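Subject: Structure for your review

Dear colleague,

Please find the structure below, together with a short account of what was found in it.

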Amino acid sequence: PWTLPAAIDMLWQDTSAEESLVVPRDVIDLSFRIHCRELPVDHAWPLYEAVSRIANWIDHEPTAAIHSIHVAASGNGWTRPVEEPGSLLQLSRRTRLYLRIPETREAEARLLCHHVLEMGDYRIEVGDCQVKPLTPTDTVFTRSLAGDDAEDETTFTQRIADTLMARGIRPRKILCGLRHTIHTPTGDLAARSVLISDLEPMEAIRLQESGIGPGRELGCGIFLPHKSLAAVGSRQESH
């Protein structure tokens, strides 16, 4: 019977480009367990105030950001409310609070653990946390990207494309979602959800590290990995 010659004793295993990537850890996400039954849908500003009382360095870190707290769009007969004043989110035990921070601030950010974030009539009990490295992918999205309320979708999309090109990122597919408003004491912030696809994996990492636009403390311009090119506002949450 035929046998493999000893001189050709080897292992050949193809490795995808994504598997061989070494993802930098300069910027990371910290995922905090929380206990909170409900929050206003429009909670970005009070959440920022509560977090910054403890993490008072967050305003001085360009890559630091506070993810708004999100839950599934629907489940067990419950449907996520529209973003109107007074609307409430019903949080589950799996809901998490995420901070995107430079790794050099990890120890300080962990001081949030076991604190209570007071947000007017609402409070969030913060538990333990774990590190979530950024993900190399070909598709990312942000739930809120700040813009000018007077901008039409074409102008808004072109501004995103120009920003990416200036950073050496060649956008191939950009999909904008519906406009919504983030309320703050200093004025309303107009925003849209945005999905960007067909990126190189390291382009996606760079975009997650830097974000786009102002309002990162309010959850704006923070990009998350998305499994596939799908409608922005899909019922499936990936973060």
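The notes that follow cover a cavity and then a sheet.

This is a predicted model, in which local features need pLDDT of at least 70 and side-chain atom pairs count only at pLDDT 80 or more, while totals for chains, interfaces and linings use all residues. Residues are numbered from 1 along each chain as its sequence is written, and side-chain values use heavy atoms, with hydrogens and water left out.

The structure holds one cavity of 30 Å³ or more (on a 1 Å grid over the protein atoms alone, a set of points where a 1.4 Å probe fits but cannot get out; lining residues have an atom within 4 Å of a point). The space in the largest cavity is about 30 Å³, a volume being the space filled by probe spheres set on the points, which are joined across faces, edges and corners. Its lining consists of Gly 147, Asp 148, Asp 149, Phe 156, Arg 179, Ala 190, Ala 191 and Arg 192. Strand 12 (residues 189-197) gives the most to this lining, with three residues; strands are DSSP runs (E, at least two residues), numbered from the N terminus.

Five strands form an open sheet in the order 3-7-1-9-8, with antiparallel pairing; two strands pair if DSSP finds at least two bridges between them. Strand 3 (65-66) and strand 8 (116-119) stand at the edges with a single partner strand each, so one side of each is left without a neighbour in the sheet. Strand 3 pairs with strand 7 (residues 96-102) over two bridges in the antiparallel sense, and Ala 65 has Arg 100 in strand 7 as its bridge partner.

With kind regards

Notes
1 Å grid on protein atoms, 1.4 Å probe; cavity = no way out; pocket = protein on both sides within 12 Å on 5 of 7 lines; lining within 4 Å. Helix = DSSP H or I, 4+ residues; strand = E, 2+ residues; numbered from the N terminus.
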